[in-house]
Amino acid sequence: MGLSLLATTDIQIIRLVEALFNQRPGYTYLSNFKIFEAENGSEALANTLGANFNASSDTELAAIVSGNLGLEGDLATTANTYLESQFAANPDARGSVVADAMAIFSTMESDPSFGAAAAAFNTDVVASLA
């Protein structure tokens with residue numbers, strides 16, 4: 001079993017930003033997001049960032065996230081189905097849904113289906129800290 005990062009505020013923010021925007025936040029954005037999170041909480045941060053996708057349907061947002069994770073074919077279909085159901089159940093907390101899903105996804109390196117994608121995602125998150 002490989003060494004994995006603890007779910008610090010930085011890691012949670014980076015996972016969320018990479019899943020939603022397919023970008024590394026960098027120092028300026030990460031600092032800004034950390035200040036917002038400290039003042040408002042992680043759920044408020046996740047939902048504020050998720051609100052950037054209010055014009056996207058649940059299906060569209062699920063496809064954005066799975067695409068940003070590099071998922072294709074059956075893996076994308078499985079991820080999209082999961083995310084869409086979670087978005088439908090939590091329509092006012094889609095950012096939190098993505099944050100929670102990324103916390104789960106980051107632990108799936110040994111999964112026979114999602115393992116390679118999870119490992120690539122985790123490697124990218126580590127690179128964002130550099």
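**Labels and their cut-offs**

Mentor: Let's start with burial: 38% of the 130 residues of the protein chain count as buried. Buried means under 20% relative accessible area, exposed over 50%, and partly exposed in between, with a 1.4 Å probe and protein chains only. Keep in mind that this is a predicted model, where local features need pLDDT of at least 70 and side-chain atom pairs count only at pLDDT 80 or more, while totals for chains, interfaces and linings use all residues. Residues are numbered from 1 along each chain as its sequence is written, and side-chain values use heavy atoms, leaving out hydrogens and water.

Trainee: What makes the protein chain as compact as a globular protein of that length?

Mentor: First, the elements: the protein chain has 7 helices and 0 strands, taken as DSSP runs numbered from the N terminus (helices H or I, at least four residues; strands E, at least two). The radius of gyration is 14 Å, close to the 14 Å from the globule rule for 130 residues, so the chain is as compact as a globular protein of that length. The radius is taken over C-alpha atoms, and the rule is 2.2 Å times the number of residues to the power 0.38.

Trainee: Why is the pair of D58 and R94 called a salt bridge?

Mentor: The term asks for a side-chain nitrogen of Lys or Arg within 4 Å of a carboxyl oxygen of Asp or Glu. The closest N and O atoms of D58 and R94 are 2.9 Å apart, so the pair qualifies. D58 is in helix 4 (residues 58-68) and R94 in helix 6 (residues 94-105), 36 residues apart.

Trainee: Is R94 buried or exposed, and how do you know?

Mentor: R94 has 8% relative accessibility, so R94 counts as buried. D58, at 25%, counts as partly exposed.

Trainee: How many salt bridges does the structure hold?

Mentor: There are 3. One of them joins D124 and R24, with the closest N and O atoms 2.5 Å apart. This pair links distant parts of the chain: D124 lies in helix 7 (residues 115-129) and R24 in the loop between helix 1 and helix 2, 100 residues apart.

Trainee: Why are D124 and R24 called partly exposed?

Mentor: The relative accessible area of D124 is 28% and that of R24 is 45%, so each value falls between the two cut-offs.

Trainee: And which residue pairs with K34?

Mentor: K34 forms a salt bridge with D10, at 3.2 Å between the closest N and O atoms.
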